[in-house]
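Here is a walk through one structure, written for someone who likes cut-offs stated plainly. Have the sequence and the 3D view open side by side as we go.

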Amino acid sequence: MESVQQVEPFDYIIFGATGDLTMRKLLPALYNKLRLGQVPADARIIGTARTALDHDAYITRAREALQHFIPAKFFFPELVEQFLKMVSYVTLDGTNAESNWDELASELSTSPSGRIRVFYFATAPQLYEAICSNLHAKGILTEQSRVVLEKPIGTSLETANAINEGVGKFLPEKQIYRIDHYLGKETVQNVLALRFANPLLNAIWSAEHIKSVQITAAEVVGVEGRASYYDTSGALRDMIQNHLLQVLCLVAMEQPESLEADCVRNAKLAVLQALRPIKEDQVANETVRAQYIKGAVDDHAVPGYLEELGQESNTETYAAIRTWVDTPRWKDVPFYIRTAKRSKRKVSEIVIQFRETAQPLFGSVPGNRLVIRVQPNEGVELNLNVKNPILDEYTLETVKLDAPIKVEGGPFPDSYERLLLDAVRGNPILFIRRDEVDAAWIWAESILNAWADKKAPMHTYTAGSYGPDASKALLAEHGDRWHEDMV
Ligand SMILES: NC(=O)C1=CN([C@@H]2O[C@H](COP(=O)(O)OP(=O)(O)OC[C@H]3O[C@@H](n4cnc5c(N)ncnc54)[C@H](OP(=O)(O)O)[C@@H]3O)[C@@H](O)[C@H]2O)C=CC1
Ligand SMILES: O=C1O[C@H](COP(=O)(O)O)[C@@H](O)[C@H](O)[C@H]1O
């Protein structure tokens, strides 16, 4: 299978190489890909940031990060040292034309010409244009270069355009890879396989048989040390405008002509463009936003959001939205999307509720339900109606067909592992194209602007709960319930 093949030799240049994302996600992901034999021994990783560090000091930080974030069963000291020999560091302010670009250029010049170069921007998005401008001015960008942009791609359509225009001055769209790590999740990618590789499901995947869809990404954690970022973002920008809309696209899209990247991305774009805009006077009925207040998680008392922030704020830590995909396939099928910090449990899942039917033999029969468990406890379950095996007459009960999806011998690979190497492969199927970013912001902003104009109340919910009761009304109007209220 292609995915286990070794990629071509590459130079990975990380801007923001002393940051949390690099230490917690990027270096461990590249180490794991080396462990799996997918990274050639002559690949190189060049970290850059403003912090003045010599080689040994950076390698020490990198080693500590691997010791902390690589599970013990995958931590092989000799392999770690082999990996660290691939790593170097250049003290460099990517936004400053006068900074230490000669050293970076010199490092890169020792690689064979024509080698793939991936520039990973693990910095604030406001820096992307300046870094690209300097890479261009120093002649470091090549035909074989790709830039990987981290989220958030802006906080609005306008700021997203500024970022995309800024980077687009120096690179064509085909060399720009926008990360959405949810697409790196195997269980999210699996949605396409479930839908289109199973004729049974493919045949019933429409309004004729499906009553509603709910997509959840709930977390137990609060905003942790990211309060300053999070307060400018909020739940809708942080999780829905990107991750959950991408998941919705995979659930709702028409079958693409092929798995070629732009076929899939065209199909996703069609869904984003079919999302019914939520008008200002509808926002109070179609959305619920809330902030967590003090409560308890895993029996430990936790403060409320405002206490953590230390100031007043109109930023939501919970968002639930009822939306509609205006294509023939989904006529009158509500899509419920929700995300939360400080929820009762960490769960990302997709719930497909099939229609109840009036069966002449059994009267009204509960609709079947398909649950796609993105994380944790990855797998798929299908509720079926069967005869109660004890009673003589035909009494129905529900049983669950449960298919765990497991990785032999270990946890699921981190979503960054696949994404980092797809950038080397030059395969953008799991990256977001600019027109998708634009369409997602257009839909999201119809809500954000109304919230900013206080057209919907800010509810509260106790930390450790499933969220505000007000969100239940979004579903009840259509005879639906959140998944936790079904079982
Ligand atoms: N951390 C996470 O889990 C996630 C992060 N992201 C995104 O990834 C990006 C990085 O996040 P994170 O690692 O958490 O942030 P950090 O603040 O931990 O790290 C930022 C990095 O950027 C460098 N940096 C800051 N200013 C400049 C500058 N002017 N020029 C060059 N380098 C600079 C810092 O090093 P120095 O100060 O030495 O230059 C540091 O290496 C952000 O866009 C974030 O939104 C997205 C999803 C998850
Ligand atoms: O992008 C983000 O995602 C994480 C949640 O990711 P997951 O893979 O653990 O579901 C979220 O905590 C963070 O706020 C957000 O920026």
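Arg44 is buried, at a relative accessible area of 18%, where buried means under 20%, exposed means over 50% and partly exposed is what lies in between (1.4 Å probe, protein chains only). This is a predicted model, in which local features need pLDDT of at least 70 and side-chain atom pairs count only at pLDDT 80 or more, while totals for chains, interfaces and linings use all residues. Residues are numbered from 1 along each chain as its sequence is written, chains are lettered from A and ligands numbered from 1 in the order in which they are written, and side-chain values use heavy atoms, with hydrogens and water left out.

What does Arg44 pair with? Its salt-bridge partner is Glu107, and the closest N and O atoms are 3.9 Å apart; a salt bridge here is a side-chain nitrogen of Lys or Arg within 4 Å of a carboxyl oxygen of Asp or Glu. Arg44 belongs to strand 2 (residues 44-49) and Glu107 to helix 4 (residues 101-109), so this pair ties together parts that are 63 residues apart in sequence. Those elements are DSSP runs numbered from the N terminus, with helices (H or I) of at least four residues and strands (E) of at least two. Glu107 itself is partly exposed, with 23% relative accessibility.

Side chains of opposite charge can pair when their charged atoms come close. By the rule above, the count comes to 32 salt bridges. One of them joins Glu173 to Arg178, with 2.7 Å between the closest N and O atoms; Arg178 is buried at 1% relative accessible area, whereas Glu173 is partly exposed at 29%. Another links Arg433 and Asp435, whose closest N and O atoms are 2.9 Å apart. Here Arg433 is buried at 9% and Asp435 is partly exposed at 29%. Shared partners also connect salt bridges into one network of Asp11, Asp42, Arg44, Glu107 and Arg115.

Now turn to the surface. Leu361, Phe362, Tyr394 and Leu396 form a nonpolar patch there, with about 460 Å² of accessible area together. Patches take residues with over 30% relative accessible area and no salt bridge, joining like charges within 9 Å and nonpolar side chains (Val, Leu, Ile, Met, Phe, Trp, Tyr) within 5 Å; the areas come from the Shrake-Rupley method with a 1.4 Å probe, and for residues only the protein chains shown count as cover. Tyr394 sits in the loop between strand 17 (379-387) and strand 18 (396-404), and Tyr394 is exposed at 61% relative accessible area.
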